[in-house]
Amino acid sequence: MSKINESPDTNGKYGKIISNLPQDDGWKPVGTLYKYQGFWYGPSLLQNVISAQESFTPQPTDIVLCSSPKSGTAWLKALAFSIVSRNQVDDSTNPLLKKLPHEIVPFLEIELAHDSNNRNLEIPFVATHIPYSSLPKSIIDSKCKIIYICRDPKDVLISHWNFDQQVSGIGSESFPLEEALEQYCKGIYPFGPYWDHVLGFWKASLEFPEKVLVIKYEDLKTDGPFHVKRMAKFLGHPFSMEEEQEGAPEKVVNMCSFENLSRLEVNKNGKYDLPDLPTFVNKSFFRKGKAGDWKNYLSDGKAEKFDQIMEEKFSGSGLV
Ligand code: A3P
């Protein structure tokens with residue numbers, strides 16, 4: 001049994017800050033979580049978040065892809081990359097055929113936390129799970145566009161619970177779904193609470209529609225081409241009439257579909273190594289890729305209670 005995060009290095013640069021923060025041990029696969037600027041983090045990631053806040057500098061043309069964990073981050077990376085690079089790569093040369101989306105687009109709080117340039121600078125993307133209110137000021141003050149993906153929180157919970165069990169080796173006997181549900185209702189799990197995470201980006205998208213775009217996982221599922229065109233326009237790479245007639249948006253959707261990506265050798269058998277984290281097997285990022293899988297896990301009563309909490313938190317925001 002191994003936890004996803006190590007205990008904080010209290011002698012480290014941020015050890016003192018971290019050890020004085022509110023703590024909670026209820027999300028067992030990670031161990032102790034710390035509440036920083038209203039959100040919960042494991043200790044290693046939190047050190048990286050603080051370091052990124054202090055030192056990260058984006059490239060002026062960067063696009064920042066944001067999400068709460070298990071909301072469709074890899075899918076968003078694949079789509080945004082395929083939209084922007086569609087005139088440089090085709091269906092046989094797209095790097096997605098050989099690389100996990102996370103290897104193409106690095107995470108701000110992982111690979112770039114201590115060195116903004118620890119990446120292929122020709123790829124103008126950075127991804128992050130950091131909430132809007134805690135993003136480095138350098139991103140907020142820049143002209144970088146931000147796309148945020150969100151998803152039905154019940155599916156996020158089920159995806160997160162399955163993923164963390166698999167990665168940590170802590171099984172459902174030690175961390176039953178009821179416990180994970182309780183933690184989600186309290187908002188205490190890595191990068192929680194969900195409602196504040198989503199609302200931060202949602203409100204920013206209303207205030208700065210040219211800078212922040214919010215996309216829903218379920219909308220991408222029901223009308224991929226429409227939302228791919230929306231993203232392309234927002235990013236300043238609109239599809240021409242000719243491209244639309246040739247079905248270019250549909251091609252992007254098909255290349256990035258769960259069915260296509262999950263059957264690729266790299267995503268079936270590859271591994272992904274990250275500093276300070278356990279080695280991930282790529283297939284753990286492609287579980288079912290469905291909207292509504294929560295129905296296989298939560299009773300109607302539990303789902304209703306969870307929905308009620310979310311509705312209360314989102315009430316008045318215009319977000320459904
Ligand atoms: P499930 O666990 O419900 O299957 P993230 O990328 O933020 O970690 O999110 C992971 C979730 O997105 C997983 O959900 C995963 O299966 C799903 N996913 C990954 N690639 C996808 C794709 N191309 N299309 C739709 N869903 C995808």
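**Notebook: ligand shell and selected residues**

I began with Ser82, whose side chain forms a polar contact of 3.4 Å with the side chain of Asn94. I take a polar contact as a pair of N or O atoms within 3.5 Å; within protein, one atom must be able to donate a hydrogen and the other to accept it, and residues adjacent in sequence count only if both atoms are side-chain atoms. Ser82 is placed in helix 3. I number helices (DSSP runs of H or I, at least four residues) and strands (runs of E, at least two) from the N terminus. I list Ser82 as buried because its relative accessible area is 4%. Buried stands for under 20% relative accessible area, exposed for over 50%, and partly exposed for what lies in between (1.4 Å probe, protein chains only).

I note that the model is predicted, so local features need pLDDT of at least 70 and side-chain atom pairs count only at pLDDT 80 or more, while totals for chains, interfaces and linings use all residues. Residues are numbered from 1 along each chain as its sequence is written, and side-chain values use heavy atoms, with hydrogens and water left out.

**Entry: the ligand**

I looked up the shell around the ligand and found 18 residues, of which Lys70, Thr73, Ser159, Tyr217 and Lys288 come nearest. A residue is near a molecule or strand if one of its heavy atoms lies within 4 Å of it. By class, I recorded eight nonpolar, six polar and four charged residues in this shell. The classes are nonpolar (Ala, Val, Leu, Ile, Met, Phe, Trp, Tyr, Cys and Pro), charged (Asp, Glu, Lys and Arg) and polar (the others, Gly among them).

I then checked polar atoms at the ligand. A polar backbone atom of Phe258 is 3.3 Å from a nitrogen atom of the ligand. For Arg287, a polar side-chain atom lies 2.7 Å from a ligand oxygen atom. The ligand taken alone exposes 570 Å², and the protein buries 98% of that. I computed these areas by the Shrake-Rupley method with a 1.4 Å probe; for residues, only the protein chains shown count as cover.

Which elements give two or more residues to the shell around the ligand? They are helix 3 (73-84) and helix 13 (258-262). Helix 3 supplies the largest share, three residues.

**Entry: Asn260**

I located Asn260 in helix 13. Asn260 counts as buried, because its relative accessibility is 12%. Its side chain makes a polar contact of 2.7 Å with the side chain of Arg263. I also compared Asn260 with Leu157: they are 103 residues apart in sequence and 24 Å apart in space, C-alpha to C-alpha.

**Entry: backbone geometry**

I looked for a cis peptide bond and found one joining Gly192 and Pro193, with omega about 5°. Pro193 belongs to the loop between helix 7 (177-186) and helix 8 (194-207). Phe191 lies in the loop between helix 7 and helix 8. The phi of Phe191 is near 70°, a positive value in a residue other than glycine. Is Phe191 buried or exposed? I count Phe191 as buried because its relative accessibility is 4%.

Lys70 has a phi near 70°, a positive value in a residue other than glycine. Lys70 sits in the loop between strand 4 (63-67) and helix 3.
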